[in-house]
Amino acid sequence: LPFWGSLRRFMQIAPPLFMLPATICCSLAFMLPVATPPNAMAFATGRLRTIDMLRAGALLNVVGVALTLSWTLVASPFIFGTNFTSYPTWAE
């Protein structure tokens with residue numbers, strides 16, 4: 001997040017529009033057995049290989065990132081009162 005904070009400051013973008021989706025997307029790790037406890041339990045049965053989890057998880061990650069970014073772009077102006085055209089004074 002420090003990288004995204006510096007980048008959004010350089011690009012003059014309001015923090016919620018940049019930091020919120022980055023934070024949420026970091027928690028969308030569905031690809032590997034160690035990503036979530038249910039993944040680890042399913043993998044421990046021995047019926048799944050890592051490649052099986054990668055295939056299903058990659059699609060979930062892409063869909064999750066797309067939905068998160070879309071939601072942020074649509075909802076942020078209503079929730080935070082910010083948009084891409086103006087830089088709030090409180091974020092300086």
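Predicted model: local features only at pLDDT ≥ 70, side-chain atom pairs only at ≥ 80, totals over all residues.
**View 1. Helices H1 and H2 cross as a roughly antiparallel pair.** Two packed helices are described by the angle between their axes and the distance between the axes. Here H1 spans residues 2-11 and H2 spans residues 15-26. Their axes come within 9 Å. They cross at roughly 155 degrees, and H1 and H2 are therefore roughly antiparallel to each other. The crossing of the two helices is right-handed.

**View 2. Side by side, the residues where H1 meets H2.** H1 contributes Trp 4, Gly 5, Leu 7, Arg 8 and Met 11. H2 answers with Pro 15, Phe 18, Met 19 and Ala 22. By class, the contact holds seven nonpolar residues, one polar and one charged.

**View 3. The largest pocket of the model.** Rolling a probe the size of a water molecule over the atoms shows where empty space is left. The volume of the largest pocket is about 200 Å³. Its lining counts 12 residues. Closest to the pocket centre are Leu 17, Phe 18, Pro 21, Ala 22 and Leu 69.

**View 4. Where the lining of the largest pocket comes from.** Two or more lining residues come from each of H2 and helix H4 (50-79). H2 gives the largest share, six residues. The lining divides into 11 nonpolar residues and one polar, with no charged residue. Phe 18 and Ala 22 of H2 also belong to the contact with H1.

Terms used:
Residues numbered from 1 in each chain as written. Heavy atoms only, no water. Axes fitted to C-alpha atoms, helices over the stretch in contact; angles between N-to-C directions. Helix = DSSP H or I, 4+ residues; strand = E, 2+ residues; numbered from the N terminus. Parallel < 35°, antiparallel > 145°, perpendicular 65-115°, else oblique. Left-handed = near helix turned anticlockwise from the far one by under 90°. Contact = heavy atoms within 4.5 Å. Nonpolar A, V, L, I, M, F, W, Y, C, P; charged D, E, K, R; others polar. 1 Å grid on protein atoms, 1.4 Å probe; cavity = no way out; pocket = protein on both sides within 12 Å on 5 of 7 lines; lining within 4 Å. Points joined across faces, edges and corners; volume = space filled by probe spheres on them.
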